[in-house]
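Open the model in your viewer and keep the selection tool at hand. The tour goes from one selection to the next and says what is found at each stop.

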Amino acid sequence: MKRRTIITLVGCVAGFLLILAGWWMTCRFDRTDKVAIIHVEGVITGGRGQGGLFGDGGGMDSVIRQIHAARDDEEVRAVVVRINSPGGSVPASQEVGAELKKLRAAGKIVYASMGDLAASGGYWVAALCDHIYANPGTLTGSIGVYIPYANWEELFRKVGVQTTKIKSGPHKDMLSPERQMTEEERQILQVMVDDLYEQFVAVVAEGRKMEPSKVRQLADGRIYTGRQAQALGLVDSMGTMEDAVNAAAKKAGIQGKPEIREYGRASFLEAIWGASDRVLVRTFLSHFLRGALTESTELFPAQLPQLR
């Protein structure tokens with residue numbers, strides 16, 4: 001009985017010490033103002049992305065969680081959004097942009113730092129920040145929307161593939177690679193693209209304080225270098241990510257060299273190849289596989305309206 005009591009007492013003391021150690025490690029006695037860095041990398045898609053060997057697949061749920069963490073962190077006075085993305089889906093870009101607006105409304109300074117590539121959906125995200133930094137050689141712009149379509153009908157005929165569909169309506173298999181698009185379907189899709197384009201123009205006009213007519217002159221889908229974008233008013237300053245961090249800290253009233261806080265952790269692929277290589281590989285694969293043969297009549301992610 002005595003031995004059991006001693007063991008119980010030792011266990012209780014050990015548990016208490018573990019709790020105390022955990023409290024000591026999590027409590028910050030040196031509360032200082034910090035700058036948070038949030039990375040937006042790869043093709044911008046909704047959801048959690050594809051896990052596994054090749055990382056998170058560009059799903060924006062993780063980015064949104066990091067934005068929420070920065071918003072709720074009392075020590076974070078400013079946030080730098082580091083963008084290295086060719087763009088992606090419209091809804092995912094909208095969700096990230098909406099959360100950045102809430103972050104700014106909460107009183108945080110939000111700066112964008114463009115890496116190699118911050119185009120289309122990547123620019124959508126940047127446009128909703130307080131200030132945009134880019135390198136002179138950054139590729140940005142590409143303000144526009146498109147829906148990809150490939151017609152494999154002739155190829156199917158040559159290889160002897162025949163398909164039949166039982167569908168609920170005449171447009172249920174719109175964008176199917178197994179047949180030619182009709183003129184009516186083209187008009188339906190063009191109306192969708194025009195609507196999404198106007199939404200994009202409105203975002204840029206609001207974020208850059210431009211007249212929509214001026215944005216439309218610049219938003220013909222072309223890309224710009226960082227230096228060209230600055231001359232056109234699409235970018236504020238030339239500089240590195242460190243320059244953006246220091247400028248955001250100064251704007252937030254942080255004295256001296258700012259302390260950095262980063263949320264999330266690098267994926268396995270980032271650890272092996274690095275973030276920029278991951279962006280290039282995924283962009284290549286997404287374009288290469290976009291027209292892959294399929295018998296499905298559903299819209300795949302690659303067939304959704306794209307900001308790329």
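Predicted model: local features only at pLDDT ≥ 70, side-chain atom pairs only at ≥ 80, totals over all residues.

Helices (H or I, at least four residues) and strands (E, at least two) are DSSP runs, numbered from the N terminus. Residues are numbered from 1 along each chain as its sequence is written, and side-chain values use heavy atoms, with hydrogens and water left out.

Now select α9 itself, residues 241-251. Ala 244, Val 245, Ala 247, Ala 248 and Ala 249 are buried there. Buried means under 20% relative accessible area, exposed over 50%, and partly exposed in between (1.4 Å probe, protein chains only). Just after α9, pick Gly 253, which takes a positive phi of about 85 degrees.

Next, the aromatic rings. The structure holds 2 aromatic pairs. Rings of Phe, Tyr and Trp (its six-membered ring) pair if their centres lie within 6.5 Å; planes under 30 degrees apart count as stacked, over 60 as edge-to-face and the rest as tilted.

Select Tyr 111 and Tyr 133: this pair is stacked, at 6.4 Å centre to centre with 25 degrees between the planes. Tyr 111 lies in strand β4 and Tyr 133 in strand β5, so the pair ties together parts 22 residues apart in sequence. Tyr 111 is buried, at 8% relative accessible area, and Tyr 133 is buried at 12%.

Then select Trp 124 and Phe 200, a tilted pair with 4.8 Å centre to centre and 40 degrees between the planes. Trp 124 is in helix α4 (residues 121-127) and Phe 200 in helix α6 (residues 183-208), 76 residues apart. Which relative accessibility makes Phe 200 count as buried? The value for Phe 200 is 0%.

Last, the charged side chains. A salt bridge is a side-chain nitrogen of Lys or Arg within 4 Å of a carboxyl oxygen of Asp or Glu, and the count comes to 20 salt bridges. Select Lys 165, which is partly exposed at 25% relative accessibility. Lys 165 meets Asp 173 at 3.7 Å, N to O, and Glu 178 at 2.4 Å, N to O. Finish by selecting the network of salt bridges that links Lys 165, Lys 167, Asp 173, Glu 178, Arg 179 and Glu 185.
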